[in-house]
Amino acid sequence: MADSKRDYYEVLGVNKGANDDELKKAYRKMAKQYHPDLHPGDQEAEAKFKEVSEAYAVLSDADKRRKYDQFGHAAFDGAGGGGGFSYQNFNFDDLGDIFGSFFGGGFGGSRSSRRNGPQRGANLKYNMKLEFMEAAFGVEKDVTITKEDTCSQCKGSGAQPGTVPETCPNCKGSGRINQQTQTLFGMTMVTKDCPTCNGNGTVIRTPCTACGGRGRKNIKKTIHIKVPAGVDNGDMLPISGEGEPGRKGGPNGDLYVEFRVGKHDVFTRNGTTTYCEIPLTIAQAVLGGEIEIPTIDGPVKYNVKEGTQAGDTYTIRGKGIPNKNSPNMRGDHVCKFNIEIPTRLSESQKLKLREFEATLTERNYEKRNGFFKKVKNIFKL
């Protein structure tokens, strides 16, 4: 998983402000140290080599580095944050280019078949705002997204209808060429993408006029989303196949809908448990009486106990948020009682309150008397 990986800057031993030359110097040093050719059969060295090469593959690419600095490893695993859409374009096949450009064939050459095979489309991410009750009980919504999709005119080939892509004359359709180059270990053979066809194995002589030869174009698409009951802030809902189209026959990516749940005027929540604070008058707290407790299902009658104290709570089982994994199960609803002290009393009201206070004894104030007994004991010590 992404969060189990080390920070890429830490892997290369550079600071976050490192420039391209510093990144390249750090990578050459560490990649040479752990290159498998120098440690045949050493799996630990091979893992280190892959780790530093993966880090360099991201940090040496300006766009990938920007996404990594903003979202960390989550930028490439479908959980990236931020508004709108997050394109997860990082492909471990990119490491093959890094290996090849520094050290020749090695790992890079062994990946050529995968690069020229079917490639899954990029995942997309959409932030959906929900009201508190919508998240609690679920809702259905239509959302409109802008995404790349297969060109309807050329059916994704990139060639103008009536024509077809031709086999690249330079690489004979393989998409890769071998080139001798100087590396840290001397002259070696490097396998690279064919510059004529950009690694596609075909060239388009007459590009499609609708998509300019890309085989895809931006469209607006409305998608019906069924939000399950019980989702919480930050939860993700995957919509299979609604990401960007794959390449060379590969499947579409997925759309990840991330929920942003708004606040409620009365209720708060922690998981499936809901909470509310209920103000009581002094008379209600002292004498008790029937009140209505608000829940997300509506009001519930409750008899306040005599002598209710500020901070006392009452729990109603099964009146909280539905469990998103088991809709028939629900959390609890917890009420906290607060006692409101009246203000702006008239002189006659104050007089009556003093008269009432004079009738009270120590047995009416257990907490108060217990507190001052502790204070007296402290001073006796």
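User: What order do the strands take in the open sheet of 3 strands?

Analyst: This is a predicted model, where local features need pLDDT of at least 70, side-chain atom pairs count only at pLDDT 80 or more, and totals for chains, interfaces and linings use all residues. Residues are numbered from 1 along each chain as its sequence is written, and side-chain values use heavy atoms, leaving out hydrogens and water. Strands here are DSSP runs (E, at least two residues), numbered from the N terminus, and two of them pair if DSSP finds at least two bridges between them. The open sheet has mixed pairing, and its order is 1-9-8.

User: In strand 9, which residue is the bridge partner of leucine 237?

Analyst: Strands 8 and 9 (the latter residues 255-261) run antiparallel to each other, paired over 4 bridges. Leucine 237's bridge partner in strand 9 is valine 257.

User: How many residues apart in sequence are the parts that arginine 120 and aspartate 254 tie together?

Analyst: Their side chains meet in a salt bridge at 2.9 Å, N to O (a Lys or Arg side-chain nitrogen within 4 Å of an Asp or Glu carboxyl oxygen). Arginine 120 sits in the loop between helix 7 (112-115) and strand 1, and aspartate 254 in the loop between strand 8 and strand 9, so the parts tied together are 134 residues apart.

User: Is aspartate 254 buried or exposed?

Analyst: Buried means under 20% relative accessible area, exposed over 50%, and partly exposed in between (1.4 Å probe, protein chains only). Aspartate 254 has 14% relative accessibility, so this residue counts as buried.
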